[in-house]
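Hi everyone, thanks for coming. Please have a look at the sequence and the structure on the screen, and then we will walk through them together.

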Amino acid sequence: HYLWKGSRRRFVPDFLVRMRDGLTLVLEVKGVDDEQNRAKRAALAAWVTGVNQRGGFGRWASDVVFEPAQTEDVLGRHAG
């Protein structure tokens with residue numbers, strides 16, 4: 001969940017990508033970077049930090065692409 005204009009909203013990621021090294025990447029695909037999308041990513045970043053600190057659920061990361069052509073570069077950046 002995340003907060004948007006004082007309201008609790010549900011966040012469902014676009015993709016969960018399991019990398020070969022076991023990392024789970026939460027990948028968002030956005031056409032535009034607006035204030036609401038930044039609020040979602042801030043909540044996601046906090047969640048990723050928390051789940052990694054707690055341990056026991058594997059390693060997690062998150063990222064966003066704004067153009068389909070960026071996808072390969074983003075996946076490469078997270079590849080182990």
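I will start with the whole chain and then turn to a few residues.

First, some ground rules. This is a predicted model, so to speak of a local feature we ask for pLDDT of at least 70, side-chain atom pairs count only at pLDDT 80 or more, and totals for chains, interfaces and linings use all residues. Residues are numbered from 1 along each chain as its sequence is written, and side-chain values use heavy atoms, with hydrogens and water left out.

Now the overall layout. The protein chain has two helices and five strands, and along the sequence they follow the pattern β-β-β-β-α-β-α. Helices (H or I, at least four residues) and strands (E, at least two) are DSSP runs, numbered from the N terminus. Along the principal axes, the C-alpha atoms fill a box of roughly 40 × 35 × 15 Å. Of the 80 residues, 29% are buried. Here buried means under 20% relative accessible area, exposed means over 50%, and partly exposed is in between, with a 1.4 Å probe and protein chains only. A contact means heavy atoms within 4.5 Å. Among contacts with a separation of 6 or more, 52% join residues 24 or more positions apart.

Which two residues form the aromatic pair? They are Trp47 and Trp60, edge-to-face, with 5.1 Å centre to centre and 90° between the planes. Rings of Phe, Tyr and Trp (its six-membered ring) pair if their centres lie within 6.5 Å; planes under 30 degrees apart count as stacked, over 60 as edge-to-face and the rest as tilted. Trp47 sits in helix α1 (residues 35-54) and Trp60 in strand β5 (residues 60-65), so the pair ties together parts 13 residues apart in sequence. Trp47 is partly exposed at 43% relative accessibility, whereas Trp60 is buried at 17%.

Next, the charges. The chain carries 13 positive and 10 negative side chains. Lys and Arg count as positive, Asp and Glu as negative, and His and the chain ends are not counted. Side chains of opposite charge can pair when their charged atoms come close. How many salt bridges does the rule give? The count is five, where a salt bridge is a side-chain nitrogen of Lys or Arg within 4 Å of a carboxyl oxygen of Asp or Glu.

One of them joins Arg59 and Asp21, with the closest N and O atoms 3.0 Å apart. Arg59 lies in the loop between α1 and β5, and Asp21 in the loop between β3 (15-18) and β4 (24-29), so this pair ties together parts 38 residues apart in sequence. Another joins Asp63 and Arg77, at 2.8 Å between the closest N and O atoms. This pair links strand β5 to helix α2 (residues 71-78), 14 residues apart. Asp63 is buried at 17% relative accessibility, while Arg77 is exposed at 55%. There is also a network of salt bridges linking Asp33, Arg38 and Arg41.

Now look at Lys40, in helix α1. Lys40 is buried yet has no salt bridge, and the nearest side chain of opposite charge, Glu28, is 5.6 Å away. Beyond its neighbours within four places in sequence, Lys40 is in contact with Tyr2, Phe11 and Lys30.

Finally, most residues other than glycine have a negative phi. Lys5, not a glycine, has a positive phi of about 55°. You can find Lys5 in the loop between β1 (2-4) and β2 (7-9), exposed at 72% relative accessible area.

Notes. Charge placed at Lys NZ, Arg CZ, Asp CG, Glu CD.
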